[in-house]
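I opened this notebook to keep track of what I looked up. The entries follow the order in which I checked things.

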Amino acid sequence: MSDDDIRDVLAETFHAEWPRLVAVAMRIVGDLQAAEDIVQDVLVTALDRWPLAGLPDNAPAWLMTACRNRALNALRDAGRARARELGVAQLAGAGAGAGAADGAWPGGAADQPGSADRPEIPDDRLRLIFICCHPVLPLDGQVALTLRMVGGLSTSQIARAFCVPDATIAQRIVRAKRTLAQRQVPFDEPAGPERSARLPAVLDVIYLIFNEGYLASAGQQLTSEALTSEAYRLARLLTELLPAEPDGWALRAIIALHRSREAARTDAGGRLLTMEEQDRASWDRQLIADGLAALARAEQAGQAELADPASPSGPAGWSRPASPLVLQARLAGQHAAAASFAETDWAAIVACYDELMSISGSAVVALNRAVAVAMASGPAAALPLLDNLTAEPALARTHRVWAVRADLRRRAGERAKAIADYDRALELVDNEVERRYLTTMRQAAAANTGGTRDGAC
Amino acid sequence: MTGRRFALVLARNERPAHASAAELGRLTGELAAWVSALRRWRLLVMAGPAAEDDAGPVRGLLVVAASDARSARTLADSCSAAAGHRVTVLELDAPRAAAPVPPVPPDGARCAA
């Protein structure tokens with residue numbers, strides 16, 4: 001293994017193991033702050049020991065053993081053992097003979113012959129996700145806590161990704177931890193109907209992280225790779241932990257399919273490229289494959305749910321519409337599957353939006369539908385759809401509806417009106433890359449030149 | 001392996017500040033790569049982490065061969081940059097000061113001794 005490989009492999013190992021380690025420490029000590037400190041200490045111990053003593057054969061097992069031992073020690077030190085002894089007995093049993101406290105190396109169980117497999121302990125990562133996305137927390141707290149506790153991102157990384165000061169994120173995380181402790185939120189995995197009720201919050205948090213990363217609401221960059229890749233990682237983790245949930249697969253599909261275009265969305269100079277202008281050869285085929293496979297799994301899981309007589313959807317034979325996430329995944333799949341922009345099946349996309357509108361008639365969906373209608377039937381067919389939307393409170397304060405209407409008006413030859421809408425959009429846009437794009441399009445409208453046809457990117 | 005031997009004492013008072021899990025992994029890989037490079041270049045005599053977790057700020061020790069103290073310091077600085085440790089250089093094979101000249105014994109005594 002080359003030196004670069006070692007760096008990448010260890011970075012990936014620490015990142016991947018982080019939620020598992022936090023979860024096991026949390027289960028033992030029952031406090032998120034203490035669990036985070038324990039895991040951080042274990043990783044720093046690895047940093048101090050591994051390079052000098054040699055890398056362990058099974059790094060994840062080493063980390064897990066060290067983490068569990070340190071958590072058990074912390075518990076004993078705090079004199080809280082009696083209360084939790086029963087709960088952690090099985091964990092202590094699994095670690096029997098694991099060596100001295102924190103001392104999984106040298107001579108610890110993790111490096112002993114025959115103990116190369118991961119220690120047999122319950123996987124608590126799902127509990128960790130559910131506690132981070134608990135409804136007692138405000139949404140911004142859920143997002144920050146999930147990125148820190150499940151994603152293992154540092155406070156500074158999260159702050160950079162959201163373009164806010166470090167202190168703001170640190171405060172959100174501290175407040176969230178305090179709220180969970182004060183409200184004595186249990187570290188458990190909701191079951192049955194409660195899980196169904198709380199899963200949407202988890203999906204929302206991951207989706208929000210992705211959205212913020214895919215089109216940064218502020219700042220110089222169009223995207224925040226740290227957020228989109230973390231959202232993708234979280235979605236994959238969720239499908240791994242909840243393989244029967246269609247919405248988990250659908251979210252994974254949406255993220256994978258959108259991320260596949262990430263590199264193609266700007267040119268070398270950082271200029272925003274519309275989907276029509278993008279070089280499809282540079283779309284990431286591996287992500288497209290994963291996205292389409294996840295979409296297929298979402299459809300399958302949805303069918304299986306319907307066929308299950310115990311399902312809340314009703315007995316087999318009943319039909320119900322696909323969920324909004326599955327529909328959005330289908331939309332993303334339509335774009336990914338089209339060999340070229342001209343070959344995009346806009347009629348199918350409009351039909352998909354119609355179905356989506358019938359379930360969730362949100363203003364954002366209506367706006368996207370209008371774009372699809374414009375592509376399928378021309379701008380004149382779509383412009384009347386936008387008139388009401390510019391008055392929608394959810395949209396009127398963002399640049400998007402004005403940018404779309406400006407584009408359609410420009411294409412319909414209504415130059416003066418288009419310029420007015422571009423001006424309104426420019427007043428509201430915060431992202432620098434989008435601002436440059438809108439400025440260029442406004443100039444094109446003023447000069448009565450072509451520009452691009454589609455605003456989608 | 002030629003040259004003089006120097007001990008590089010790796011110390012850290014606090015955890016690496018503001019590090020994410022992936023960053024800590026990368027730092028670990030960075031330091032491991034640095035140690036393995038020293039080994040490849042046949043500059044590393046021995047290395048080991050602190051035996052106890054509560055060894056205070058001292059996190060480990062490397063004994064390296066270097067032609068002089070300046071070269072040892074250069075190695076130490078590259079390690080420090082790699083993993084955020086504070087590195088103290090101790091010279092193990094210090095050039096000896098010239099031995100004091102013994103008083104000249106009376107003629108013939110040296111041979112007798």
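Entry 1. Does A:Arg20 count as buried or exposed? I looked up its surroundings and found 21 C-beta neighbours inside 10 Å, so A:Arg20 counts as buried. The cut-offs I used are these: buried means 20 or more other C-beta atoms within 10 Å of the residue's own, exposed means 12 or fewer, and partly exposed lies in between, with C-beta atoms placed from the backbone.

Entry 2. I noted the ground rules before going on. This is a predicted model, in which local features need pLDDT of at least 70 and side-chain atom pairs count only at pLDDT 80 or more, while totals for chains, interfaces and linings use all residues. Residues are numbered from 1 along each chain as its sequence is written, and chains are lettered from A and ligands numbered from 1 in the order in which they are written.

Entry 3. I went back to A:Arg20 and placed it in helix 1 of chain A. Helices here are DSSP runs of H or I with at least four residues, strands are runs of E with at least two, and both are numbered from the N terminus. Leaving aside neighbours within four places in sequence, A:Arg20 is in contact with A:Asp123 and A:Arg125. Contact means that the C-beta atoms of two residues, placed from the backbone, lie within 7 Å. I also checked A:Leu128, which is 108 residues from A:Arg20 in sequence and 8.7 Å from it in space, C-alpha to C-alpha.

Entry 4. A:Arg125 counts as buried because it has 21 C-beta neighbours inside 10 Å. Not counting residues up to four places away in sequence, A:Arg125 touches A:Pro19, A:Arg20, A:Ala23, A:Leu237 and A:Leu241. For A:Leu241 I noted a separation from A:Arg125 of 116 residues in sequence and 8.2 Å in space, C-alpha to C-alpha.

Entry 5. I turned to helix 10 (residues 225-241) of chain A. This helix has 17 residues and reaches 24 Å from its first C-alpha to its last, close to the 24 Å expected at 1.5 Å a residue. The expected span is 1.5 Å times one less than the number of residues. Buried residues of helix 10 of chain A include A:Ala226, A:Glu230, A:Tyr232, A:Leu237 and A:Leu238.

Entry 6. How do helix 9 and helix 11 of chain A lie, and which residues make the contact? The axes of helix 9 (residues 192-214) and helix 11 (residues 246-259) of chain A come within 11 Å and cross at roughly 5°. Helix 9 and helix 11 of chain A are therefore roughly parallel to each other. Angles under 35 degrees count as roughly parallel, over 145 as roughly antiparallel, 65 to 115 as roughly perpendicular and the rest as oblique. From helix 9 of chain A the contact takes A:Leu199, A:Leu203, A:Ile206, A:Tyr207, A:Phe210 and A:Tyr214, and from helix 11 of chain A it takes A:Asp247, A:Leu251, A:Ile255 and A:His258. By class, these residues are eight nonpolar, one polar and one charged. Ala, Val, Leu, Ile, Met, Phe, Trp, Tyr, Cys and Pro count as nonpolar, Asp, Glu, Lys and Arg as charged, and the others, Gly among them, as polar.

Entry 7. Chain A has 20 helices and zero strands, and 46% of its 457 residues count as buried. Chain B has three helices and four strands, in the pattern β-α-β-β-α-β-α along the sequence. Of the 113 residues of chain B, 30% count as buried.

Entry 8. I checked where the two chains meet. In the model, 31 residues of chain A are in contact with 27 residues of chain B. Helix 2 of chain A supplies the largest share of chain A's side, 12 residues. That side has 16 nonpolar, nine polar and six charged residues.

Entry 9. Last, I looked up confidence. pLDDT is the predictor's confidence in each residue, from 0 to 100. The mean pLDDT is 84 for chain A and 80 for chain B. Over residues 95-120 of chain A the pLDDT is below 50. Where pLDDT is low, the predicted coordinates should not be read in detail. For the complex, the predictor gives an ipTM of 0.79 and a pTM of 0.75.

Terms used
Axes fitted to C-alpha atoms, helices over the stretch in contact; angles between N-to-C directions.
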